[in-house]
Protein chains: 2
Amino acid sequence: MNAPVSTPTSAPALTKNQSLVFDVLDRSDAPMSAYTILDRLRDHGFRAPLQVYRALDKLLEFGMVHRLESLNAFVACAHPESECCGKGHGHGHGTVAFAICESCGHVSEFHDHEVDHRLGAWAKAKNFKPAKTTIEIRGLCGACAA
Amino acid sequence: MNAPVSTPTSAPALTKNQSLVFDVLDRSDAPMSAYTILDRLRDHGFRAPLQVYRALDKLLEFGMVHRLESLNAFVACAHPESECCGKGHGHGHGTVAFAICESCGHVSEFHDHEVDHRLGAWAKAKNFKPAKTTIEIRGLCGACAA
DNA sequence: TGACACACGTTATAGCATAACGCAATTGAT
DNA sequence: ATCAATTGCGTTATGCTATAACGTGTGTCA
């Protein structure tokens, strides 16, 4: 009784644990660490970090969640669904950049073709084969800087 | 007997611990974790992580070392000394990007004005005040991809 | 000479992530 | 139908990364 349950919507069907983890992230205004997610889900039967990490691995694979490397934390993908650069299943995109407010914790996700292109050009020139690109800007958001 | 010792060269004078940590990093072909650095320096009297982290904090502040967020590891700055975008003391620069080979561990450090500019433009438009920007490309270097 | 800043050393603890085991359920080929 | 392969799950234990909190020594400078 552990298999994914298909849903009326798009995207890959999520298992129960995956849904729980995604929902927690999706409802959060700020990035969450795996252990914070774990604590939020104790009431739903979560007891060990691996339950969270395994769900996160899948959600990352599906592109539904991003990992913020500079925070060791995770956010739900903020893409307005079926954006540009799609790979077909509604959650694909090129490299995404994040602006992280160090005061309020809010994260803005955005994409810039030109940045992508410049980094791609560098890679091509150096014969480097990119697998995953991380772009994170930490600072103060408009509201907090004021 | 703990104060920085001035050297014949440029830049801020380093303390003994800072020099030791920097030398280890500078001699390494690949990024090193704080704990790996610690192990390398046991023979020089290092016994606790804090000794490493404190030295790293200063070296980061001086711009002589970079932290790779996606690796939780550190590298000596590869800038050919007194590069562009200098802030005056020979180790200043704009945002730097890293290409990290997941096979051999080699890290290439580079800078792209246009990328800087695009990210800066986004920030300006959103009224976001950047403090620190991280750009890391993980993949395979030319040698390993072949 | 006394307040201050800073580097240092030590112990303890917090926070993030995975290894290794075994069980249960689904899939799909035979 | 059945067996092998795959995938998800739960648990325990462990490892790696980072910092808190304490106290010491030293150099600076009013």
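Q: What makes β5 of chain A and β5(B) paired strands in this predicted model?
A: Strand β5 (residues 129-140) of chain A is joined to β5(B) by eleven bridges, and the two run antiparallel. Two strands pair if DSSP finds at least two bridges between them, so these strands pair. Strands themselves are DSSP runs of E with at least two residues, numbered from the N terminus.

The model is predicted: local features need pLDDT of at least 70, side-chain atom pairs count only at pLDDT 80 or more, and totals for chains, interfaces and linings use all residues. Side-chain values use heavy atoms, with hydrogens and water left out.

Q: Why is the link between B:Arg118 and A:Asp112 called a salt bridge?
A: The closest N and O atoms of B:Arg118 and A:Asp112 are 3.0 Å apart. A salt bridge requires a side-chain nitrogen of Lys or Arg within 4 Å of a carboxyl oxygen of Asp or Glu, so the pair qualifies. The count between chain B and chain A is two salt bridges.

Q: How do you know that chain B and chain A are in contact?
A: Contact means heavy atoms within 4.5 Å. By this rule, 33 residues of chain B touch 33 residues of chain A.

Q: What is the buried area between chain B and chain A?
A: Buried area is the accessible area (1.4 Å probe) that two parts lose on being put together, summed over both. For chain B and chain A this is about 2,700 Å², 66% of it on carbon and sulfur atoms. In chain B, B:Trp122, B:Phe128 and B:Ile137 lose the most area to chain A, together 22% of what that side buries.

Definitions and conventions: Residues are numbered from 1 along each chain as its sequence is written. Chains are lettered from A and ligands numbered from 1 in the order in which they are written. Helices (H or I, at least four residues) and strands (E, at least two) are DSSP runs, numbered from the N terminus.
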